[in-house]
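Work through the exercises below with the model open beside you. Try each task before reading its solution.

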Amino acid sequence: MARRFGVEEFTGPPFVALLHRMAEFGRWTVQPDDRLVGFGDSFHWQNATVFATRLGQLTRAEPALSGLSIDPDGPPRSAGLKVYPDVGYAFYSTREPGGARVHHVAMTAAHHAGLAHKHADDLTVVVSACGKNVLVDHGGYGYNYDRWRRYFLSRSAHNTLSLSEVGSDGLLVREDGRPRITAVLDRPGFALVQAETQLSADVRHRRTLLIRDGRHLLVHDRLIRSSRSIARSLGGVAFL
């Protein structure tokens, strides 16, 4: 379409490079069951193969896009830790010796300027273990603003924390309180990702993911009010 209407800036090398970066990101969002992580208004039941097929049709029609793929099993394979700190996403994936994906962890600390597709999902975690979905994010329910749509937008529908003083559906959108990834550590046999968000006007939520040997996940939550910790919680998942 860009070539047809003569918009060359959308067909040149910078745009093609951007598409390849987008495709790389897409590979990391695919879970072991071949479905997409349902952050925001994404739909977790959507099959990545459908998108890969459409993208394959596009690349065959446009030679400049040769090699563009969102197939997580294609080169380069998505394995280990991948963090996008500028946009607020973190992924971790492990594979069997033969290459099959086994475990997958995703966390969002993404900031959106508006509320069009924003959910109260700051610091939510989505986990697949041994190829099975353990902690899920259903994503978008639909666009009819009924009670179910309100529920799917709420904190209660996500794997994160909420405060009774805020309400389960409270969306706090402030530049000084925007979610962000604050620390990343990637070492052989050990990975750490830490993120923060403003949970209420005076309470900050800090979540740390610790992954050891690609087999154990520890989730540590800390609530901080006026630089003072008011609560802590620990949760663990063993990948056996």
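Buried means under 20% relative accessible area, exposed means over 50%, and partly exposed lies in between (1.4 Å probe, protein chains only). The model is predicted: local features need pLDDT of at least 70 and side-chain atom pairs count only at pLDDT 80 or more, while totals for chains, interfaces and linings use all residues. Residues are numbered from 1 along each chain as its sequence is written, and side-chain values use heavy atoms, with hydrogens and water left out.

**Exercise 1. Classify Asp137 as buried or exposed, then find what its side chain reaches.**

Step 1. Take the area. Asp137 has a relative accessible area of 2%, so it is buried.

Step 2. Locate the residue. Helices (H or I, at least four residues) and strands (E, at least two) are DSSP runs, numbered from the N terminus. Asp137 sits in the loop between strand 5 (132-135) and helix 3 (147-153).

Step 3. Look for a partner. The Asp137 side chain reaches the backbone nitrogen of Gly139 at 2.9 Å. A polar contact is a pair of N or O atoms within 3.5 Å; within protein, one must be able to donate a hydrogen and the other to accept it, and residues adjacent in sequence count only if both atoms are side-chain atoms.

**Exercise 2. Describe the surroundings of His158.**

Step 1. Classify it. His158 counts as buried because its relative accessibility is 6%.

Step 2. List its contacts (heavy atoms within 4.5 Å). Leaving aside neighbours within four places in sequence, His158 touches His119, Ala120, Asp121, Thr124, Asp137, Phe152 and Leu153.

Step 3. Pick out the polar contact. The side chains of His158 and His119 are joined by one of 3.4 Å.

**Exercise 3. Check the length of helix 1 and list its buried residues.**

Step 1. Compute the expected span: 1.5 Å times one less than the number of residues. Helix 1 (residues 13-28) has 16 residues, so it should span 22 Å.

Step 2. Compare. The end C-alpha atoms of helix 1 are 23 Å apart, which agrees.

Step 3. Read off the buried residues of helix 1: Val16, Leu19, Ala23, Gly26, Arg27 and Trp28.

**Exercise 4. Count the aromatic pairs and trace the cluster that holds Phe25.**

Step 1. Set the rule. Rings of Phe, Tyr and Trp (its six-membered ring) pair if their centres lie within 6.5 Å; planes under 30 degrees apart count as stacked, over 60 as edge-to-face and the rest as tilted.

Step 2. Count. The rule gives eight aromatic pairs.

Step 3. Take Phe25 and Tyr84. Their pair is edge-to-face, at 5.1 Å centre to centre with 75 degrees between the planes. It links distant parts of the chain: Phe25 is in helix 1 and Tyr84 in strand 1 (residues 80-84), 59 residues apart. Phe25 is partly exposed, because its relative accessible area is 25%. Tyr84, at 15%, is buried.

Step 4. Take Tyr89 and Phe91. This pair is stacked, at 6.4 Å centre to centre with 20 degrees between the planes. Tyr89 counts as buried at 15% relative accessibility, and Phe91 counts as buried at 1%.

Step 5. Phe25, Phe39, Tyr84, Tyr89 and Phe91 form one aromatic cluster.

**Exercise 5. How do strand 1 and strand 2 (residues 89-95) pair?**

Step 1. Two strands pair if DSSP finds at least two bridges between them. Strand 1 and strand 2 have five, in the antiparallel sense.

Step 2. Find a bridge. Tyr84 has Tyr89 in strand 2 as its bridge partner.

Step 3. Inspect the turn. The hairpin has four residues between the strands, and Gly88 in it takes a positive phi near 90 degrees.

**Exercise 6. Find which residues Val193 contacts.**

Step 1. Val193 lies in strand 7 (residues 190-198). At 4% relative accessibility, Val193 is buried.

Step 2. Leave aside neighbours within four places in sequence. The contacts of Val193 are then Leu81, Val83, Ala90, Met107, Ile181, Ala183, Arg207, Thr208 and Leu209.

Step 3. Check one C-alpha distance. Val193 and Leu209 are 16 residues apart in sequence and 5.2 Å apart in space.
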